[in-house]
Amino acid sequence: MYTFTNKLRNLSIILMVIGFLGLTYGFLTAPNTVEQANAMVADGHGDGHGGDHGAGTHDNHPVGDKADAHADDKHHNETAAHEDHHQGGHGEAHDKDAHGEDHHGEHLLHQLQNKPWAALYVAAFFFMMIALGTLAFYAVNRAAQAGWSPALFRVMEGITAYLLPGALIVFVILALSGMHFNHLFIWMDPEVVAHDKLIQGKVGFLNVPGFLIRALIYIGGWATYRYFSRKFSLAQDQADDISNHKKNFRISAGFLVFFIVTESMMSWDWIMSIDPHWFSTLFGWYVFASMFVSGITTIALITIYLKSKGYLEKVNDSHIHDLGKFMFGISIFWTYLWFSQFMLIWYSNIPEEVTYFITRIEDYNIPFFGMLIMNFIFPLLILMNSDYKRVNYIIVMTGIVVILGHYVDVFNMIMPSAVGDQWFIGIAEVGGFLFFLGLFIFVVFKEISKAPLHAVGDPFMGESERFHY
Amino acid sequence: MSSNQVIQALYDDDDVLLSAVKSIREEKHHIEEVYTPFPVHGLDKALGLAETRISIMAFIYGCIGFAVAILMMNYIMIEDWPQNIGGKPSFSYIENMPAFVPIMFELTVFFAAHLMVITFYLRSKLWPFKAAENPNPLTTDDKFLVEIELHNNEKELKALLKKTGAIDITLIEKQDDHE
């Protein structure tokens with residue numbers, strides 16, 4: 001039985017406090033007026049434009065952006081109009097806009113006001129996604145009747161404990177967006193929709209009540225499966241027959257069907273709709289691969305931590321080796337989907353699709369291609385060696401890179417549409433990450449301490465104990 | 001000479017074979033060869049065979065294939081005749097790289113797989129019309145055979161093999177190898 005040590009509890013609380021302060025700082029420093037926003041950007045340009053921002057973003061805007069600017073949405077054409085703004089002038093024929101005179105300043109204000117919200121949302125979604133990916137991996141192992149993994153089931157159940165609180169936090173952020181506390185989802189703004197024929201055509205799907213009801217259905221379904229699976233898993237420890245195991249097998253198979261549908265729709269709702277002019281058919285799979293590999297990596301990291309503390313005596317290096325293989329394989333699967341999405345759009349170069357990547361390559365060059373190194377090249381070269389996959393510190397090191405890499409992945413999915421070229425990994429972003437990291441550690445280890453780490457009743461436990469690769 | 005005399009012990013069960021191999025090695029007899037109809041898990045470890053390095057070779061072959069793909073397409077598409085084909089940017093390799101990735105991937109896999117297989121054939125001396133080296137046809141069906149070099153210790157060795165559960169023990173005068 002694991003006990004949640006005070007040291008770890010304090011660490012998680014410290015992380016939450018630091019993260020909370022960081023987020024608060026982000027919210028407090030967000031500009032309230034157009035003048036403030038203009039002043040902030042002017043300052044930023046004063047002290048060296050170099051940095052991560054990529055110099056010259058404002059001067060030579062991509063062709064795609066300009067093409068997009070002629071679409072009816074004001075929030076898109078402003079990116080292209082930025083250059084005018086810096087020359088103190090106005091863009092082309094924006095005067096009709098209801099927001100008043102300084103249209104570009106208005107846009108800038110929205111972007112800067114979105115920054116702390118987006119930092120909060122990216123981190124909240126990312127840690128929810130880890131728990132959800134772990135839940136999917138857990139269900140796959142249950143449904144496939146895997147013989148190696150029962151020794152890790154309690155670790156996985158501990159991680160998925162974060163799913164319900166984590167998903168509810170995401171839901172609250174989405175609900176706040178729906179109540180116009182922020183401007184993350186432009187389709188939630190009736191004024192935007194009024195001027196945007198493309199979004200008008202999607203109102204049947206993209207409307208706030210439907211959006212929130214769908215979110216509740218997803219979260220409800222996932223949490224229900226998680227609740228019952230954990231219940232049966234604990235009940236199996238005391239049982240004389242394997243009826244609980246069988247029930248778990250059935251609901252896991254059912255959950256996987258539900259999961260793949262809701263996960264796909266969740267990715268359209270929660271991520272793709274941030275950019276309501278853009279669509280991609282394999283997006284759901286892409287998000288799935290990202291959450292799956294992050295989940296598996298988290299399982300490996302927590303398993304190694306618990307093992308090093310002397311719990312989990314039944315887990316041997318073959319289990320770690322298997323987790324390493326999954327990290328390796330799913331990292332490549334993620335890259336395959338990333339590339340399939342990128343290459344198909346790059347190759348055909350249709351303006352309405354390609355703006356998505358043009359903004360990312362122009363404004364997010366380092367995170368966009370940097371995550372490929374973190375999520376593909378690094379694990380590919382390190383985890384290819386069979387012996388390395390048995391070495392704890394190599395799995396931990398690779399795992400940390402992969403986890404951070406997938407944070408950057410979510411960052412790249414959300415930030416460009418929320419804050420555009422005003423992005424920075426600053427206090428608010430790091431604060432958001434640390435806050436949810438602390439919360440995650442707190443919830444997960446609290447749950448792990450609630451039940452014995454060794455699921456004695458599982459019919460495959462013997463096989464898992466003797467597992468050797 | 002005693003050195004071209006070998007003893008062949010036949011077994012009918014892979015578990016018995018494994019424990020026999022272990023006790024034969026404990027007695028410091030040199031096992032020449034073991035013939036089995038199917039892979040026996042743990043036999044290589046029991047025999048103390050060195051690990052294969054074929055995966056390292058496969059990695060190197062893959063790198064070669066990757067390099068071949070890049071050099072080939074860079075020469076053809078960028079250097080030799082950089083045409084404008086459907087607006088694809090052919091000014092430098094990196095600009096047009098996404099279009100080359102499928103070929104880079106396939107050639108990497110192609111080189112890694114085929115050269116590894118050929119390496120395997122060469123190292124295991126397998127080719128068409130090669131004379132089979134099977135000492136006893138039963139070992140392709142359901143029997144296992146251990147071949148041990150003899151050094152004037154026939155009696156002792158036969159007793160040991162009998163103890164390990166061999167169903168048949170034969171002394172063979174080996175023909176001189178065709179060397």
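Helices here are DSSP runs of H or I, at least four residues long, numbered from the N terminus. Keep in mind throughout that this is a predicted model.

**View 1. A nonpolar surface patch with residues from chains A and B.** The patch covers about 810 Å². On the chain A side you'll find A:Ile373, A:Ile377, A:Leu381 and A:Met384. Chain B brings in B:Ile56, B:Met57, B:Phe59, B:Ile60, B:Ile64 and B:Val68. Two elements give two or more residues each: helix 15 (365–383) of chain A and helix 3 (54–80) of chain B. Of the elements involved, helix 3 of chain B gives the most, with six residues. B:Ile56 is one of the residues found in that helix.

**View 2. Where chain B meets chain A.** Chain B puts nine residues into the contact, and chain A puts in seven residues. Together the two chains bury about 640 Å², with 82% of that on carbon and sulfur atoms. Over in chain B, the residues that lose the most area to chain A are B:Phe59, B:Lys88 and B:Pro98, which together account for 64% of what that side buries. B:Phe59 turns up in the nonpolar patch of View 1 as well.

**View 3. Polar links and residue types at the chain B and chain A interface.** As for polar contacts, the rule finds one residue pair across the interface, with both residues at pLDDT 80 or more. On the side of chain B that touches chain A, helix 4 (residues 97–123) of chain B supplies the largest share, four residues.

**View 4. A salt bridge inside chain A, between A:Arg230 and A:Glu157.** Over all chains, the structure holds 14 salt bridges, and this view picks out the pair formed by A:Arg230 and A:Glu157. Their closest N and O atoms sit 2.8 Å apart. A:Arg230 belongs to helix 10 (residues 208–238) of chain A and A:Glu157 to helix 6 (residues 153–160) of chain A, so the pair ties together parts that are 73 residues apart in sequence.

Methods: Residues are numbered from 1 along each chain as its sequence is written. Chains are lettered from A and ligands numbered from 1 in the order in which they are written. This is a predicted model: local features need pLDDT of at least 70, side-chain atom pairs count only at pLDDT 80 or more; totals for chains, interfaces and linings use all residues. Side-chain values use heavy atoms; hydrogens and water are left out. Patches are made of residues with over 30% relative accessible area and no salt bridge: like charges are joined within 9 Å, nonpolar side chains (Val, Leu, Ile, Met, Phe, Trp, Tyr) within 5 Å. Accessible areas come from the Shrake-Rupley method with a 1.4 Å probe; for residues, only the protein chains shown count as cover. A salt bridge is a side-chain nitrogen of Lys or Arg within 4 Å of a carboxyl oxygen of Asp or Glu. Contact means heavy atoms within 4.5 Å. Buried area is the accessible area (1.4 Å probe) that two parts lose on being put together, summed over both. A polar contact is a pair of N or O atoms within 3.5 Å; within protein, one must be able to donate a hydrogen and the other to accept it, and residues adjacent in sequence count only if both atoms are side-chain atoms.
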